Amino acid sequence: MNLARKTKVRKLALWTWSWVATLAIATYGSKYIWDDHAFLTTFSIIVNLVNGVLMILSNRDLFNDFDELEKKIHLESMAITLGLSVIVGLTFSLVERAGLFNFKAEISYLVMFIGISYLVSLVLNIRRYT
Amino acid sequence: MKNRVRELRSLKNMTQEDLAEIIGVSRQTINAIEKEKFDPSLPTAFKMANLFKLPIEEIFHFGK
């Protein structure tokens, strides 16, 4: 890994971890730190949102540094992840609506599903091309 | 697509790492091209043609 790539990876890691931290603060801050203060709650949400945008931009920056095979591998993984998320998400909604089982899904489950799908498809695609 | 990248690289006594650096791709990409698991883009094919001083069609052969 060259120096430019290492810098981009470090930058993405930094924004990702700070996004996770600001998300945690925005989620639990009003309950455990500032006791439902409206301004601080709004401010923490805005900081988290801005941090998220910066994370997306550094991810795009890293993606643009990939070579053609790396781009292909990541694009295929994204296509599989997007397809799986839509199909599994809507199937789950249908099953729940039909009353086949009673399980209240939250948005965090979808985020976890997307993360795991992307990771698994990425590993499979890397193995396919090596 | 068949190719002669591994053969031509060996003739120049280059490692995959050397070729990757000159062409501007990762070593894994060179490896995937040599194993014919991945077809390179036109700019990459042209860079290889320039490096090996051969026409593209003498390096890459289109076929099943």
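Author: B:Lys47 counts as partly exposed because 17 C-beta neighbours lie inside 10 Å. The scale is this: 20 or more other C-beta atoms within 10 Å is buried, 12 or fewer is exposed, and partly exposed is in between, with C-beta atoms placed from the backbone. This is a predicted model, so local features need pLDDT of at least 70 and side-chain atom pairs count only at pLDDT 80 or more, while totals for chains, interfaces and linings use all residues. Residues are numbered from 1 along each chain as its sequence is written, and chains are lettered from A and ligands numbered from 1 in the order in which they are written.

Reader: Where is B:Lys47 found?

Author: In helix H4 of chain B, residues 42-52. Helices are DSSP runs of H or I with at least four residues, numbered from the N terminus. The C-alpha atom of B:Lys47 is separated by 14 Å from that of B:Asp18, 29 residues apart along the chain.

Reader: Switching to chain A. At what angle do the axes of H3 and H4 cross?

Author: Roughly 140 degrees, and the axes of H3 (residues 68-97) and H4 (residues 107-128) of chain A come within 8 Å. Axes are lines fitted to C-alpha atoms over the stretch in contact, with angles from 0 to 180 degrees between N-to-C directions.

Reader: What do you call that orientation?

Author: H3(A) and H4(A) are oblique to each other; under 35 degrees is roughly parallel, over 145 roughly antiparallel, 65 to 115 roughly perpendicular, and the rest oblique.

Reader: Which residues of H3(A) and H4(A) meet?

Author: Among them, A:Ile80 and A:Leu84 in H3(A), and A:Phe113 and A:Ser117 in H4(A). Contact needs C-beta atoms, placed from the backbone, within 7 Å.

Reader: Now the interface. How many residues of chain B are in contact with chain A?

Author: 11, and they are in contact with six residues of chain A. The largest share of that side of chain B, four residues, comes from helix H3 (residues 27-34) of chain B.

Terms used:
Two residues are in contact if their C-beta atoms, placed from the backbone, lie within 7 Å. Helices (H or I, at least four residues) and strands (E, at least two) are DSSP runs, numbered from the N terminus.
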